[in-house]
Amino acid sequence: MKNKSITIGGGCFWCTEAIFRDTIGVLNVKSSFSGGFIKHPPYREVRTGRTGHAEVIQISYDPEKISLKELLAIHLTTHDPTTPDQQGADKGNQYRSIILYGDEDEKMVAEEVIKNLQNLYSNPIVTELQPFSVFYEAEEAHQNYYEENPEAAYCQIVISPKLAKYRESRANKGSNT
C-alpha cells in the first residue's frame with residue numbers, strides 16, 4: 001500500500017510536530033502554514049494572525065502501520081478541539097484546530113472521528129474541515145523544533161508535559177502508536 005499524507009493543525013505546530021514525530025507509522029512531519037490568503041507567508045507574518053493561515057503540520061504516514069482514523073483521533077485528543085482560535089496561551093486564528101482533507105473519503109473519516117470523540121468534551125468540537133489546497137513549509141528553524149531545542153523554555157513548559165501525557169496515554173492503552 002502506498003504511503004499517504006494528511007495536513008492538520010491544533011495550535012502551535014511545534015507541539016503537534018513533537019506528538020506525531022513520536023508516533024509509530026508516521027514517516028515524516030513538516031511544520032507548515034495553510035488555509036490562508038497570501039502565498040509563501042513567512043512565520044513573522046503568520047504569527048500576527050493577519051494572513052489567514054493556520055500553523056499546521058503535514059504528516060506522511062504508512063497506512064499499514066497507522067490508519068487515518070487513528071491519526072485524527074490522536075490529533076483531536078492531544079489538543080483542545082473545542083476552543084476556537086486558541087490553544088492554551090496561544091491565541092489567534094493561526095492556532096485554530098483544523099483538518100485539511102485531500103478527498104471526500106478523508107472528509108468522511110474526519111467527520112466520523114469528530115462525531116465519535118464529541119462525547120469526550122463538554123463543549124462542541126469546533127475543528128475546521130477544509131479541502132487541502134496548498135501548504136507552505138515553515139522556515140528550517142521551525143522543523144523538528146522540539147528535538148533541536150529541548151532546553152528552550154517553550155519546550156520545557158508546554159511541549160514536554162504534553163508529550164509525556166501522550167506517551168503515558170499510549171502506555172495505558174497498550175497502543176503501539
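Two strands count as paired if DSSP finds at least two bridges between them. Keep that in mind as you work through this predicted model.

**Exercise 1.** Work out which strands form the open sheet and which of them are edge strands.

*Solution.* Start with the order: 6 strands line up as β7-β6-β1-β3-β2-β8, and their pairing is mixed. Next, look for strands that pair on one side only: these are β7 (128-131) and β8 (135-137), the edge strands. Finally, follow the twist, which averages 35° from one strand to the next.

**Exercise 2.** Find how strands β1 and β3 run relative to each other, and how many bridges join them.

*Solution.* Locate β1 at residues 4-10 and β3 at residues 54-61; the two strands run antiparallel, joined by 5 bridges. Then pick out S5, which has S60 of β3 opposite it.

**Exercise 3.** Describe the largest pocket: how much space lies in it, and which element gives the largest share of its lining?

*Solution.* Begin with the space, about 620 Å³. The lining has 24 residues, and the closest to the pocket's centre are T77, T78, K162, K165 and Y166. Then turn to the elements: α3 (68-77) and α6 (153-173) each supply at least two lining residues. The largest share, 9 residues, comes from α6. Last, sort the lining by class: 9 residues are nonpolar, 9 polar and 6 charged.

Note on methods. Residues numbered from 1 in each chain as written. Predicted model: local features only at pLDDT ≥ 70, side-chain atom pairs only at ≥ 80, totals over all residues. Heavy atoms only, no water. 1 Å grid on protein atoms, 1.4 Å probe; cavity = no way out; pocket = protein on both sides within 12 Å on 5 of 7 lines; lining within 4 Å. Points joined across faces, edges and corners; volume = space filled by probe spheres on them. Helix = DSSP H or I, 4+ residues; strand = E, 2+ residues; numbered from the N terminus. Nonpolar A, V, L, I, M, F, W, Y, C, P; charged D, E, K, R; others polar. Axes fitted to C-alpha atoms, helices over the stretch in contact; angles between N-to-C directions.
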